[in-house]
Every structure is written in C-alpha cells, then in structure tokens.
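Please open the model in a viewer and keep the selection tool at hand. The stops below are given in order of selection.

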Amino acid sequence: MAEETRVLLQHIGSADLLTVKDYREKGGYRALEIALKDKTPEQIVEEVAQSGLKGRGGAGFPTGMKWSFIPKDVEKPVYLCCNADESEPGTCKDRIIIEQNPHLLLEGILIACRAIGSHQAFIYIRGEFHRGANILQMAIEEARREGLIGKNILGAGFDCEIAVYRGAGAYICGEETGLLTSLEGQRGYPRNKPPFPAVAGLYDCPTIINNVETLSAVPVIIEKGGAWYAAYGTEKSSGTRLLCLSGHVNTPGVYEIVLGNMTIREFIRDFGGGVPGGRKIKGVIPGGSSMPVLRDDQLDIPLTVEDIQKAGSSLGSGAMIVMDETVDMVEIALLLAKFYEHESCGQCTPCREGTHWFVQILEAVQQGEGRPGDIELLLDICRSEYTSICPLWAAAVWPVRAFLKQFREEFEAKIQPRSMEAEAETAPAS
Amino acid sequence: MPETLHNQETRKIRDQQPGKIDEILRRFPQKKSASIPLLYLAWDIYGYISPEAMIEVAEILDVSPAYIQGIVSFYTMFPLKMTGNYHIEVCANISCHLTGAQEVLKTLENRLGIHCGERTGDGRFSLQAVECLAGCSSAPCMQINGKEYTHLTPEKVIEIIDSLD
C-alpha cells in the first residue's frame with residue numbers, strides 16, 4: 001500500500017505553525033540563515049537547478065533555469081511575484097501551505113529574492129482567499145518584527161519587503177503575464193512573450209513568477225542540498241508533489257507523494273479509498289481541468305509526469321479529478337467549456353469566439369438539438385489552439401478535444417436522430 | 001462626469017479613511033497598482049461598487065472614471081449592486097458539481113426564495129454561483145462573507161442558513 005512522503009506538509013495537521021516561534025521550533029528559517037550567510041546568490045540558483053525542481057503551477061518549467069534568466073548587472077529593480085492565484089479547477093494545494101504553514105512560503109520567497117537579487121516580492125493571492133490573505137498578512141507583520149523581513153535581514157545586510165496583493169476573481173490572472181498586468185492595476189490581459197518577464201516583467205523590470213508550492217520547496221533544498229531533493233522521484237519530476245484528489249472518491253484530499261512508486265489506479269485506490277458505492281471509474285482528469293481526460297483503461301500506468309505525457313495528458317497542477325460510471329461526459333465537457341468561456345479575457349479572437357462556440361454547440365448537443373457534423377465542427381475549432389497570446393485558449397481546447405476523443409460515443413448518441421424504429425420500440429405499449 | 005456626483009457624494013473614502021489610502025499607495029512603486037486594493041476599500045465603505053465609489057477611486061489615482069470602470073468590469077468579485085448582509089457564494093465547478101453542488105444550489109434557492117444573482121427582499125441574503133473556490137478536496141463547498149463551508153449536503157446547508165442571525 002502506497003504511502004505519503006511528507007516534506008512540504010511535514011508538520012501540517014500535527015503542529016501549529018502559524019507563528020515565527022512555532023515555525024522555528026520545527027527548524028524553520030534555518031535555510032534562510034544558510035542562504036544569507038553561507039551561500040552566494042549564484043550558489044543558491046545552482047543548488048535549486050541541481051535539485052531538478054520544476055514549477056508546480058502547471059507548466060513545469062525548471063525553477064533554477066528560470067531564475068538564471070535574470071540579466072546580470074541589471075540597473076532596474078528586480079521583482080519576485082509569488083503566484084497564489086490557485087484557480088485551476090480541481091487544484092487546492094497551495095492554500096494548505098498558505099493557511100497552515102505561511103512562514104514556509106515566506107522563507108522560500110526570501111531565499112528566492114536573495115538568489116535573483118530582488119528586494120521586493122509580491123504575493124498575488126486570489127481574491128476569494130480571504131482567510132489566506134489575512135494569515136499571510138499577519139505572518140509578514142510578525143516576520144518583520146522578528147527581523148526576517150525588512151532591512152538587514154538576520155543581520156546579513158540583505159533587505160527585502162513582501163507585500164500581499166489580492167486579486168478580485170479572474171482565472172486569467174493565474175497566467176503569469178496576466179498576473180503582472182493585474183498587479184500593475186490594469187485589466188488582467190496577458191502579454192505577448194517575448195519579452196519574457198525575466199527581462200521585462202512587472203513595471204517593465206526583470207521579474208520572476210513562481211507558484212506557492214514551488215517556492216515552498218526551496219527552503220528544504222537549501223538546507224539539505226539539491227542532490228538530496230533530486231534523489232526523490234523520477235528524472236523528469238524530482239522531489240515530492242502535492243496531488244489534489246477530488247471528485248468521486250471516498251477520501252478526497254491533498255496528498256504529498258513521490259512520483260514513480262505507484263500507478264494512477266493505485267493512487268486512487270490507496271489514497272482516495274476507491275470510488276463510493278464500489279462503482280466503476282469512467283474517466284480521470286489527471287492534472288486540473290485543462291488537461292485531457294483519461295479513460296478507465298488508461299489508469300494502470302505509473303503515476304509519473306513522463307507516463308501521463310505518453311498517455312496524451314499531463315500532470316499539470318497535480319489536480320486529479322475522478323469521475324465514476326454515472327457521469328454524463330457531455331455534461332462535464334459543457335461545464336468546463338462554460339468555465340473557459342467565462343474566464344476568457346476577450347483579447348484574442350480565437351479564444352473569445354471559440355470558447356463561446358464551444359458552449360453554444362455543446363449546449364445544443366446536451367439538449368438533444370445537436371446536428372450531424374457538430375463533432376467535426378468542434379474538432380475543427382480545436383485546430384486553432386495555439387493562435388492566442390496566452391495558453392487559456394489551448395486550455396479550453398484540450399478538454400473539449402479529449403472528451404470527444406475518449407467518449408465520442410456519448411456525444412454521438414445525443415446527436416444521432418432517433419430512428420422511427422427506436423421511437424416505436426420505446427413507445428409505451430397500449 | 002455628472003456634476004451632481006462631485007464632492008459631497010464622492011469623498012467618503014477620503015473623509016473616513018485617509019490614513020488607509022496613504023498606506024495602500026505606499027505599497028507600490030506605481031500608483032495605478034493601488035486600483036484593486038482601493039476598490040476593496042471602496043466596497044467596504046460604499047457597501048458595493050457604486051458609480052460614486054468608482055469616481056472617488058479614479059480621483060485618488062488621477063485616472064478617468066472610465067478606466068476604473070474598466071477594471072471593475074474585468075474582475076467578477078466587485079459587486080455592482082448591494083449584496084445581502086450574508087453574501088453566499090457556491091462553487092459550481094467540476095469537483096463540486098460531481099459531489100452535489102447543484103443540489104446545494106437548489107436547496108439554497110428554495111430556502112431563500114431567490115435565484116442565483118439575487119438578493120432577498122429583506123436584504124439579509126444574496127446568492128451567487130461562482131467558479132472553483134479551491135475547496136475541491138472537501139467538495140461541495142461555499143463561502144459566506146468569505147468564510148468557508150465544506151462537505152455540504154442539502155441538510156447541512158439548511159442548518160448553516162438557519163444558524164445565521
């Protein structure tokens with residue numbers, strides 16, 4: 001039976017970690033001391049690169065490499081933005097760190113700032129996280145009183161400020177350039193890349209954007225070394241991952257595991273306690289609502305980034321959503337299409353129009369008003385997936401295409417005009 | 001900008017919370033970044049994002065009211081009309097949908113006698129279906145004035161509503 005490997009969630013649930021004192025008792029802020037006193041910024045970047053840590057927000061970009069993109073000897077201020085906009089449906093891991101171990105995140109942010117030469121970090125937290133924003137604000141104020149934020153941190157001559165910035169309900173602001181325009185006080189429209197944020201980001205200054213879970217892994221990497229961290233997991237996914245298990249399972253939850261030790265089915269069985277009522281699984285979305293759905297007969301593959309990729313999907317943000325045999329897949333495809341339609345920022349025509357078309361067509365199909373050729377039309381719309389500024393349009397396309405591919409018969413059944421014979425057979429006997 | 005909206009009606013934040021405005025402006029290297037934080041403050045003071053609230057935020061930031069309206073219309077959380085004393089936001093996205101969000105919504109609509117997006121006649125409750133609240137592993141979930149309620153069932157929802165003053 002597979003078990004958790006708790007590194008980031010180590011003390012969560014068993015100890016109170018909200019104050020600096022609590023956190024220090026569990027070894028907290030030791031890594032910051034090491035980073036400020038025993039290591040150069042280059043050595044911190046090197047250690048993180050060696051750890052193999054990759055972004056945990058969904059895209060999986062190597063963190064050490066991202067940090068190394070900050071131009072040397074830059075005269076403008078450098079900014080770090082922590083992406084706490086956790087909005088990908090199914091994803092609920094970052095808030096656990098924010099609400100239950102805020103100093104872990106602050107410590108990771110401070111070390112990251114040291115590494116990239118930043119003296120100002122912003123935590124962009126989604127507006128709906130009232131509690132999380134308050135907890136972070138209190139943690140920051142306490143850390144400042146303790147000399148961990150502000151001028152001359154730990155007497156090591158390093159200055160750094162951290163500010164919390166609440167969003168106001170827009171999925172698109174989880175996209176890194178949308179986050180930046182939002183933080184600049186504009187409508188959260190994503191920007192074209194290049195220039196990449198590391199060169200011209202917030203206020204046109206070099207900026208690094210990292211996810212909460214990513215930054216929270218930094219302290220342990222600095223304390224125990226990149227090689228120690230890299231020894232966990234697989235080549236393409238080192239360390240531990242927080243997986244959010246939801247939907248039709250008996251024990252949903254956020255579980256910290258090392259990838260490579262179990263199959264997807266075993267994960268759902270051992271951690272999720274199986275499906276309620278002993279029902280069969282129909283499909284599983286392995287990495288947040290944007291990622292292509294897998295069928296039940298694809299679940300016996302190892303739960304790794306590599307194997308899920310081979311199966312045509314992605315571990316994305318680590319959000320696994322289980323759907324049992326009673327689920328109407330057309331209904332779910334429509335539900336997700338409505339989400340992306342609502343969240344499209346409207347800048348790019350393919351996304352603004354395409355998400356709307358998806359909803360109109362799927363709604364008709366769901367209501368029994370679909371026309372022959374609708375599936376082909378949907379697939380045709382999908383072909384424009386890479387024609388927008390940001391990945392939201394692709395994120396809207398992938399589920400539609402995957403639901404059509406994996407459960408095509410359910411769509412066909414709703415579109416197929418019922419033959420006269422079938423009508424006659426189902427007519428009540430008189 | 002209508003002349004009648006000037007001065008008396010659009011000075012509430014500056015009259016009531018001048019210190020808070022300064023504190024917010026100090027956080028950012030550029031003034032415009034204060035738009036969303038000031039709108040939150042305006043929401044608090046005006047009760048919702050009224051035209052007057054938008055005009056005042058625009059005046060504080062030296063931008064046009066239209067610019068602020070552009071921000072407000074982009075972000076779904078800012079209410080353009082009064083919400084209830086208890087503002088209920090029910091997640092209707094995938095994980096909650098799979099675990100009974102529709103029953104939760106129906107129960108609330110029946111109990112309160114309003115539809116999603118409406119406010120009760122006495123002003124006590126308003127109801128809204130919202131996108132994923134990141135409570136997926138304790139679905140279905142909702143928030144009332146920002147406080148989270150999880151593992152909802154129709155029975156539990158009624159208990160929660162009845163327990164509010």
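In which helix of chain A do A:Lys37 and A:Glu33 both lie, and how many residues apart are they? Both lie in helix H2 (residues 30–37), 4 residues apart, about one turn of the helix. The model is a predicted one. A:Lys37 is partly exposed at a relative accessible area of 44%, and A:Glu33 is partly exposed at 33%.

Next, select A:Arg265 and A:Asp296, whose salt bridge has its closest N and O atoms 2.9 Å apart. A:Arg265 belongs to helix H12 (residues 264–270) and A:Asp296 to the loop between strand E9 (294–295) and helix H13 (305–310), so the pair ties together parts of chain A that are 31 residues apart in sequence.

Move on to A:Glu175, in the loop between strand E4 (158–166) and helix H8 (176–183) of chain A. This residue is buried yet has no salt bridge.

Finally, select A:Phe403, B:Tyr75 and B:Phe78, which touch the most other members of the largest nonpolar core, a set of 88 residues. Helix H14 (residues 329–343) of chain A supplies the largest share of this core, 10 residues.

Note on methods:
Residues numbered from 1 in each chain as written. Chains lettered and ligands numbered in written order. Predicted model: local features only at pLDDT ≥ 70, side-chain atom pairs only at ≥ 80, totals over all residues. Heavy atoms only, no water. Helix = DSSP H or I, 4+ residues; strand = E, 2+ residues; numbered from the N terminus. Buried < 20%, exposed > 50% of the residue type's maximum accessible area, 1.4 Å probe, protein only. Lys, Arg positive; Asp, Glu negative; His and termini not counted. Salt bridge = Lys/Arg side-chain N within 4 Å of Asp/Glu carboxyl O. Core = buried A, V, L, I, M, F, W, Y, C linked by side-chain atoms within 4.5 Å.
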